[in-house]
Amino acid sequence: MNRPHPWHIIGGVTADGLSFRTWRRGLAYAAEDTQDAKAKVSEAQDDFPHVYGLDNFRRGDAKVRTYILAAILAHRDAEVDSVRETAIIDFGRQGCHEQNLNYFNDYREHGRHLGRGHLFVGTLPTTPPCEAAISLKLTGPCFYMNSLGRWPVLWNEVSCFFEMPGVRRVMICHYESDKLTVLLAEPGGPLDIPDGTDPESLARRIFNAD
Amino acid sequence: MDDRTPVIVDCDLYTAFGPGVEACWNGLLQNHAAFSDCSRFHNEKFSTALAAMAPGADVNGTQEIPGFFLEYLAATAKKMPRDAELFLASTVGEIEYIDNPERRCTCDMLLERALKVCDKENGRIVSAACASSNSAFVSLFRHIRSGRLDSAVVIGTDYVSEFIFSGFATLRALARTIARPYDRNRDGLLLGDAASIVNICSAKKAAELGLKPRAILASGGMSCDAVHITAPMPHGEALSEAIVHALNEAGLTPDDIGAVIGHGTGTRYNDDMELQAIRRVFGERSVPMLSVKGACGHTLAGAGLVEAVVGVRMLETGLIPPQTSLVTPEPEAARYVSAEIRKLEKPRVLCMNSGFGGLNAVIILEAVS
């Protein structure tokens, strides 16, 4: 039997490729490329109390860019400013296999001499959430976790974060098959989460979105 | 100690000093550095060929090393029940056979293999760059304290591969001479192999299983610099926050800490940042400090586990190993580090790691009284 969780979801977004859908406000943005997505997210911030700078993506790949944009839109959806004391849990089963191949193939094709630093740094699964943390100045705990799809592990980890001193909010990220869901959680609850519930279906249920 | 106090009941290591905790512990006490020329790949294009390689690990080729390490750790893992949760601390470098599409390993495959070899039902990968081990410990500490878990096996392995070596060379982080953490003339890090394991359970579960606690996992804290993807926060503010969280969690003050095992990679930026974070928290106190990376290299995701095992031995013996390869301490480090063996005056060791992404994770180990 799962315990009810002492937190609730205040907003979030799902990015399916370059199509973004926010869960609380039900807004949708479709972009042709990440520059177009950046422009649309910048535009979406017009009536937002805190506008996040999107000058550059610090050489991040498409995944990094999506995390940064989705993190901003999740705050926009919840209509909250980012707070430093935000923890990040990044959950999924893909690890960084694609990025490992990108780095190593590039290194090999260039004569096995020196690789490219930004591709090497991208071989960590924590690079995308950390880039989002840098963009929004989120200084709480942050790590990536894979539990072979056992969803209660994710939800218990969120509860675990809220037991840590100083954590006021948790940003939950789930990346699978080029689809990223970012949810923001704050203390509250109780929140019952049935077995088998992933972040997108939780958002769908909470915000009655079908 | 109460029923839900997390206790370490067993541990093991395989490092460049060879198999077993004592091989590494004695190497540290004897001030040995276990580096040699790495011949696992063509190294002539890199600024150094030195690395700390585990003897006997690559007898069947580099790509078999992760499997070899897992097999080694399995004996200790199997001392815990099958339902103990497996925490695999990893940079998720599923990089063995990266040259061979038919045998490449994915993140899922990595965890599935670890579960099978260690004979465990459930597990999770915890990845936070070079702070992966300590992040796993901090998470586990919480789960045991809250009663969500009562036993776990924490393992971490990493090895010197062309993939990792070339990456750190690209970032110009490798030492041209030797790794000298906290030394004025340090010029970078050297990589190392390690396989490490720590079995942890609640005090109540340890009693039920008839396992004797060797040390207490007293607390932990984490933070993120949120400043730069590779460079640490110059003044160590976020790391010091993680240290303060860990101290507060355990109801301790800096005066209660007997020694600090730092991340101490030997790069200028990392060591400077750490020293400033320690100064920020400990003020004028001269808490003894050391880094094991001067002896057995930077073992990446496994680094925190190696340090935790060394911390357990420090608590059990009351000794602090010398700082390997220390010649002239960095002025800011002079009050903390020593080339001599010292006595551990207080029964708590603080271990800290920092990784790319600005990730910081700190744990405090305490002697069993």
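Author: Domain bounds come from an automatic or database domain assignment. This is a predicted model, in which local features need pLDDT of at least 70, side-chain atom pairs count only at pLDDT 80 or more, and totals for chains, interfaces and linings use all residues. Residues are numbered from 1 along each chain as its sequence is written, while chains are lettered from A and ligands numbered from 1 in written order.

Reader: How far apart are the centres of domain 1 and domain 2 of chain B?

Author: Domain 1 of chain B spans 6–209 and domain 2 spans 217–367. Taken over C-alpha atoms, their centres are separated by 19 Å.

Reader: Which element gives the most to the side of domain 1 of chain B that touches domain 2 of chain B?

Author: Residues are in contact if their C-beta atoms, placed from the backbone, lie within 7 Å. In chain B, 61 residues of domain 1 contact 59 of domain 2. Helices (H or I, at least four residues) and strands (E, at least two) are DSSP runs, numbered from the N terminus; β1, α1, α4, β7 and β8 of chain B each supply at least two residues to that side of domain 1. With seven residues, the top contributor is α4(B).

Notes:
Two residues are in contact if their C-beta atoms, placed from the backbone, lie within 7 Å.
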